[in-house]
Amino acid sequence: MIVDQKKMENLADNLMAAEEVQGRSLWADAARRFSHNKAAIGGLVTLTLVVLFTLIGPSFAQWSNEEIDWAVLGQVKTMGAPSIESGHYFGTDELGRDLYSRVIQGTSISLMVGVIGSFVAVVVGTLYGAIAGYVGGRVDNFMMRLVDIFMSIPYMFVLILLLVIFGRSLNMLFIGIGLISWFDMSRIVRGQTLSIKNKEFIEAAVAAGVSNFTIIMRHIVPNLVGIVIVYASLLVPGFILAESFISFLGLGVQEPNTSWGALISEGARTMQYGTLWQIGFPLFFFTITLFSMFFIGDGLRDALDPKDR
Amino acid sequence: MFSFILKRLLTAIPTLLILIIVSFILMHSAPGGPFTSERALPPQVEANINAKYGLDKPLHEQIFVYVKSIVLHFDFGPSFRYKDRSVNDLISDGFPVTLTYGSISALVAVLFGVTMGVIAALNHNTWKDYTALGFTFTAQVLPNFVMAPLLVLLFTLQLGWLPGGGWEGGKAQYIIMPVIALSTSYMATIARITRSSMLEVLNSNFIRTAKAKGLPYQRIVFKHALKPALLPVLSYMGPAMVGLITGSVIIDMYFSTGGIGVLFVNGALNRDYSTIMGITILVGTLTVLLNLVVDVLYAWIDPKIRY
C-alpha cells in the first residue's frame, strides 16, 4: 500500500501546530483572575512596600532602636516630634528612642508572627487534616473530636498562661501561636480531603498498590494546595492580631524588642500629652498592612476557590 | 432533643477536664513554687507551708484535690499573691463588672449588626449597602485594642464628653466607651454575615413564592426571610462570645473598669498562678457553656438538623 507521503507530512505538521496552542492551566487561570482584581493587586503592592520598608528602612535610620537620644529626653513633646534634621523621621518615643527604628523593628516582628503562624498552620494543619480525612472512621472521629475540644478552649488565656509559665520570650510567643494556629486549617483540609478521597484517581492509586502515606503525600496534598493557600492567607491577619493583643497587654514581646501591639499600647499611654505621632505611625502601618492582607486574601479566594464561581 | 443536649454535655465535660488538667500541669511545671521568695525560708518552714497547701503530695493527688474542690465547692483555692484573699473573692469582685459590660456589648453587637445587615441587604447596591460594607470592612482593622485608645482620644481628650476610665458602679457614661470598643468588630462581622445570608435567602425560591402570593413586603422580610437568614449569625455567636470575653481583658486594662481582665493580667505579670488558672477555667467553662447553648439553639431552630 502506497502511503501518500505528502499527506502524512501535512498531518504531522498539523499535529505539531495543534500542540503549540497552549492550554491554560488552573494556576494560569487563577493568576489571571487575581491580576484583574484591583483591590488585591493594590494590597499586594502595599504589602510589598511594607516588607521592603522593613528590609531597606534600617539603612536610612540614624538611630538604633535601643539608643536613647539624651538631648530629647524630658522634652519629647517639643524636641521629639518627627523631623528630618534631628534624624528622628517618625519622632521619638517617651524615652527618647527613635520611633522610626522601633516601627521598623515592630513591623518585622509582627510580620514574622504572621508568617510563622501560617507556616505551622499549613504544615501541621494540612497533614493532620489530610490524614484524618483519608484514614476516616474511628481515627478521623478521634482526631477531629480532639480539634473540637482544643478549639472550644479560650486560646488567648491559655497562650498567656504559657507565656507566664515559660517566660515571656519571643520564641515562646512563636511556639504558642504555632500551637493554636492549625485547628481551623485542619478542619478545612479534612473536609476537602473527604471529597478528594472518593475520586477515581485515588481509587486507581489504591488499585495499583500505592501505600497510604504515598497516596496522601503524592495525590491528596497536591490537590489541596489551592484551598490551603487561600485559607493560610486569610489566617495571617488573625495571628498578627493575636500577637498585637498580647503585646498590647505587655505580656508578649519584651523590650528592647517591640511589635505593633506594644507600640500602639505605648502610644496610647502617652497620647494625652499630645505626642500623637507615637500612636499614629504604628497604627498607620498596622492598618495598611492588615487592610492589604484582607484584600489579598479575598483576591486569592476569588481566584482559587472553585466554590464561589 | 433531650438526648442531644445530654450528648453535648457529655462532650463538654472532658473538654473542661482537659483544660483543668493541662493548666494544672503547666502551673506545676513552672519554675519556682508559689512560696519561693527572695529571702530563702528555713527548710522546715517551707515544708510546713507546703504541707498546709497540700503541695507535698504527688502530682496526681494534687490534681484530684484541685478538681474535686472546683467541682464540689466551686473553690479555686487561695490566691498566691494576695495571701489573705481566695481566688473566689477576687473573681466575685470582678466578674459582675465584666458580665455587665460584656452582655451589653453582645446585645449591642447583635442588635446593631443584624439591623445593619438587613438594611444593607434590602437596599442591595445602594448607598446604604455601600456604607454598611465600608463600615464592616473598616472595622476589620479596628480591634478592641485599637478602638479603645481612639475612642479615648476622641471623646475624652478632644471633646471631653466622657470619662477616660473607671466604673463607679456602672454609671452609663462609664459603660459607653467600653461597650463601643468591645462590640465594634463583632458588630461588623455580624452585619457582614447577616447581609450575605439575607441576600441569599431573598433570592431563594420560597421568597419568590411568598412574593407571588402577594404577601406584604414587611411580612416577607420579617416572617419568612429573617429566620433562616439568622442561622449563620447564630453559629457565629459561639466564637463571638469567646472574642468578647477575651476582649474584656483589654477593656479592663485600658478603661480600669475593674473586671476580671485586670486580675488576669496582673496575675500574669505577678505570677499569681492560682488566680490565672481560676480565671482560665472560669472562662473556659463559660465558653463551653455558651457554645452548648448556641448549638442547642441552632438544633432547635434549624429544621434541617435531626438529632
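Predicted model: local features only at pLDDT ≥ 70, side-chain atom pairs only at ≥ 80, totals over all residues.

User: Which element of chain A has the lowest mean pLDDT, and which the highest?

Analyst: Chain A as a whole has a mean pLDDT of 82, with 94% of its residues at 70 or more. Element by element, the lowest mean is 68 and the highest is 90. Those belong to helix α1 (residues 5-20) of chain A and helix α10 (residues 200-207) of chain A, in that order.

User: What is chain B built from in terms of secondary structure?

Analyst: Reading along its sequence, you get the pattern α-α-α-α-α-α-α-α-α-α-α. The C-alpha atoms fill a box of roughly 85 × 55 × 30 Å along the principal axes. The tally for chain B is eleven helices and zero strands.

User: What share of the chain B contacts with a separation of 6 or more comes from residues 24 or more positions apart?

Analyst: For background, chain B has 307 residues, and 37% of them are buried. Now take the chain B contacts with a separation of 6 or more and ask how many join residues 24 or more positions apart. That share is 73%.

User: Which helix of chain A gives the most residues to the side that touches chain B?

Analyst: The interface brings 29 residues of chain A into contact with 32 residues of chain B. On the chain A side, α7 (155-165), α11 (212-248), α12 (260-270) and α13 (277-304) each supply at least two residues. With eight residues, the top contributor is α7(A).

User: And how many charged residues are there on that side of chain A?

Analyst: Let's sort that side of chain A by residue type.

User: How are α12(A) and α13(A) oriented to each other, and why?

Analyst: Their axes come within 8 Å and cross at roughly 150°. Anything over 145 degrees counts as roughly antiparallel. So α12(A) and α13(A) are roughly antiparallel.

User: Which residues of α13(A) make that contact with α12(A)?

Analyst: α12(A) passes α13(A) in a left-handed crossing. From α12(A) come A:Trp260, A:Leu263, A:Ile264, A:Glu266, A:Gly267, A:Ala268 and A:Thr270. By type, the contact residues split into nine nonpolar, three polar and one charged. The α13(A) partners are A:Gln278, A:Ile279, A:Pro282, A:Leu283, A:Phe285 and A:Phe286.

User: Which residues of α5(A) meet α3(A)?

Analyst: The α3(A) side puts in A:Val50, A:Val51, A:Phe53 and A:Thr54. The residues of this contact divide into five nonpolar, three polar and no charged. Facing them from α5(A) are A:Ile104, A:Thr107, A:Ser108 and A:Leu111.

User: Is B:Tyr186 buried or exposed?

Analyst: B:Tyr186 is found in helix α7 (residues 172-202) of chain B. Beyond its neighbours within four places in sequence, B:Tyr186 is in contact with B:Ala109, B:Ala240, B:Gly243 and B:Leu244. B:Gly243 is 57 residues away in sequence, but 8.3 Å away C-alpha to C-alpha. With 26 other C-beta atoms within 10 Å, B:Tyr186 is buried.

User: Which residues does A:Gly176 contact, leaving aside its neighbours within four places in sequence?

Analyst: A:Gly176 lies in helix α8 (residues 170-181) of chain A. A:Gly176 is buried, with 24 other C-beta atoms within 10 Å. Its contacts beyond those neighbours are A:Leu159, A:Leu162 and A:Leu163.

User: B:Asn125 has a positive phi and isn't a glycine. Is B:Asn125 buried or exposed?

Analyst: Phi of B:Asn125 is near 60°. B:Asn125 is found in the loop between α4 (87-122) and α5 (127-139) of chain B. With 8 C-beta neighbours inside 10 Å, B:Asn125 counts as exposed.

Notes: Residues numbered from 1 in each chain as written. Chains lettered and ligands numbered in written order. Helix = DSSP H or I, 4+ residues; strand = E, 2+ residues; numbered from the N terminus. Buried ≥ 20, exposed ≤ 12 C-beta atoms within 10 Å, placed from the backbone. Contact = placed C-beta atoms within 7 Å. Nonpolar A, V, L, I, M, F, W, Y, C, P; charged D, E, K, R; others polar. Axes fitted to C-alpha atoms, helices over the stretch in contact; angles between N-to-C directions. Parallel < 35°, antiparallel > 145°, perpendicular 65-115°, else oblique. Left-handed = near helix turned anticlockwise from the far one by under 90°. pLDDT = per-residue confidence, 0-100.
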